[in-house]
Amino acid sequence: MEFRSAITLSIATLVWLTLAVNSDAGGIAIYWGQNGNEGTLAETCATGNYKYVNLAFLSTFGGGRTPMINLAGHCDPYSNGCTKLSSDIKSCQARGINVMLSIGGGVVSYSLSSSEDARQVATYLWKNFLGGKSSSRPLGPAVLDGIDFDIEGGSDLYWDDLARYLSAYSQKGKKVLLTAAPQCPYPDAWVGNALKTGLFDYVWVQFYNNPPCQYTSGNISNLDDAWKQWTTDIKATKIFLGLPASPQAAGSGFIPVPDLTSDVLPSIKGSDKYGGVMLWSKYYDDQSGYSSSIKSHV
C-alpha cells in the first residue's frame, strides 16, 4: 500500500512538472508557400517542429484589386489548383497546429483605401478562407485558424479597421486568430496602429534586415532593448522572436544556433509574453535544419 502511494505521488509530481514545463515552453512558427521545393504543407506539419504555419501569401488585395493568392510553385490559383491544399490544412490542424493565411509580403500589390475597403477585404477573407461560405474558396473547404498581417509597404492606413472587422467574426463561432509580422524598429511603420488595437494574439517580430535592433555577434543589447519594448508596449497574447532560418534567408540578422540557445533565448524567455520563435522560411529551414537544432531550447 505504501509502495503504491509512493508511485501515485511520483506520477502526480511528474504530471505537474510536465505541465509546468509545457506551460513555459515556446513554439516555432514557420512561413510556408514561397518556394515549391520546400515540401508539401502536410509534410511540413508532420515534422513535429512547428506549432504555427503561415501560408504565404495573399499578395494582391484591397483598393479595388481582385484578391489573388500566390503560393509560388506549390499550386496554380488561376486554375483552382490550390484547393487541393484543403486536406493538408486539415491534417495540420488535426495535429494541433494553427494554420494562418498571411496577407501582404514583400511584393507590394496591396493596400486599403478606406474603412469600407477594409470591411470588404475582411468579408472576402471570412467567406473565402475562414468560417464563411463562398463558391470559390481558393484553398478549398478547410477553415483556416486566422489571418497573419505581413504588411511591408504601401500605406499604413486602415489596417486597424481590418483587424477590428476580422476580430468581430470571432463572435460567429470559432475564434479568428490575428497575428502579425512587424519589423523590429518600434513602432512598426506599417502595422503599428493596428497593433495598438490590442486585438492580436501572436506577434512575430522580424529581428532581421534591421541592424539597429537585431543581434550582432557577441552583442545582444540592441535585440534585448527592442524585445523589452515590444513585450512591454504591445498588448498581445504572445510575442515571438522572428529570425531567418539560414544565413541565406535574409540580408542580415541570422543567429547561429549556439548563440541563440546560450545567449539570446535565456535573455528573452523571462518575459511572460514570450511565445517562441518565428522562422523565415520552411525552404531555408530545410537547408539548415535550424528548427530541429533549436526546438528543445525554444
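Where does UniProt place the feature "domain: GH18"? The record, an unreviewed entry, puts it at residues 26-298; UniProt positions follow the numbering used here, feature names are shortened, and annotations may be inferred rather than shown by experiment. The model is a predicted one, in which local features need pLDDT of at least 70 and side-chain atom pairs count only at pLDDT 80 or more, while totals for chains, interfaces and linings use all residues. Residues are numbered from 1 along each chain as its sequence is written, and side-chain values use heavy atoms, with hydrogens and water left out.

The protein chain averages 93, and 92% of the residues score at least 70. Residues 1-23 are another story: here the pLDDT is below 50, and beyond near neighbours in sequence the stretch has 0 contacts in the model (a contact means heavy atoms within 4.5 Å). Over residues 26-298 the chain is 30% helix and 21% strand, and the end C-alpha atoms sit 5 Å apart. Helices (H or I, at least four residues) and strands (E, at least two) are DSSP runs, numbered from the N terminus.

Next comes the inside of the protein. A nonpolar core is a set of buried Ala, Val, Leu, Ile, Met, Phe, Trp, Tyr and Cys residues joined through side-chain atoms within 4.5 Å. Buried means under 20% relative accessible area, exposed means over 50%, and partly exposed is in between (1.4 Å probe, protein chains only). The largest core has 76 residues, and Leu139, Phe149, Leu162 and Phe207 touch the most other members. Helix H4 (residues 115-128) gives the most to this core, with 5 residues. As for leucine 162, if its neighbours within four places in sequence are left aside, its contacts are Ile103, Leu112, Ala118, Val121, Ala122 and Phe149.

Asparagine 54 is found in strand E2 (residues 52-61). With a relative accessibility of 0%, asparagine 54 counts as buried. Beyond its neighbours within four places in sequence, asparagine 54 is in contact with Ile30, Tyr31, Trp32, Met100, Ser102, Asp148, Thr179 and Trp204.

Which residues of H7 are buried? They are Leu223, Asp224, Ala226, Trp227, Trp230 and Thr231. Seen down the helix axis, these buried residues fall within an arc of 165 degrees, so they line one face of H7; the arc is that of the directions from the helix axis to the C-beta atoms. On the other side of H7, Asp225 and Thr232 are exposed. The buried residues pack against helix H6 (192-195), strand E8 (202-206), strand E9 (238-244), helix H8 (257-268) and strand E10 (274-280).

The peptide bond from tyrosine 186 to proline 187 is cis, with omega near -10 degrees. Proline 187 has its place in the loop between strand E7 (177-180) and H6. Another cis peptide bond joins tryptophan 280 and serine 281, with omega about -5 degrees, and serine 281 is found in the loop between E10 and helix H9 (282-288).

Positive phi values turn up as well. Alanine 72, although not a glycine, has a positive phi of about 50 degrees. Alanine 72 lies in the loop between strand E3 (68-69) and helix H3 (85-94) and is partly exposed, at a relative accessible area of 35%. Asparagine 80, also found in the loop between E3 and H3, has a positive phi near 65 degrees. Its relative accessibility is 48%, and asparagine 80 counts as partly exposed.

Finally, here are two pairs that are separated along the chain. Leucine 157 is in the loop between strand E6 (146-151) and helix H5 (159-168). Leucine 157 and asparagine 193 are 36 residues apart in sequence and 8.3 Å apart in space, C-alpha to C-alpha. Serine 296, in the segment after helix H10 (290-294), is exposed at 69% relative accessibility. Between serine 296 and asparagine 49 there are 9.7 Å in space, C-alpha to C-alpha, though the two are 247 residues apart in sequence.

Terms used: pLDDT = per-residue confidence, 0-100.
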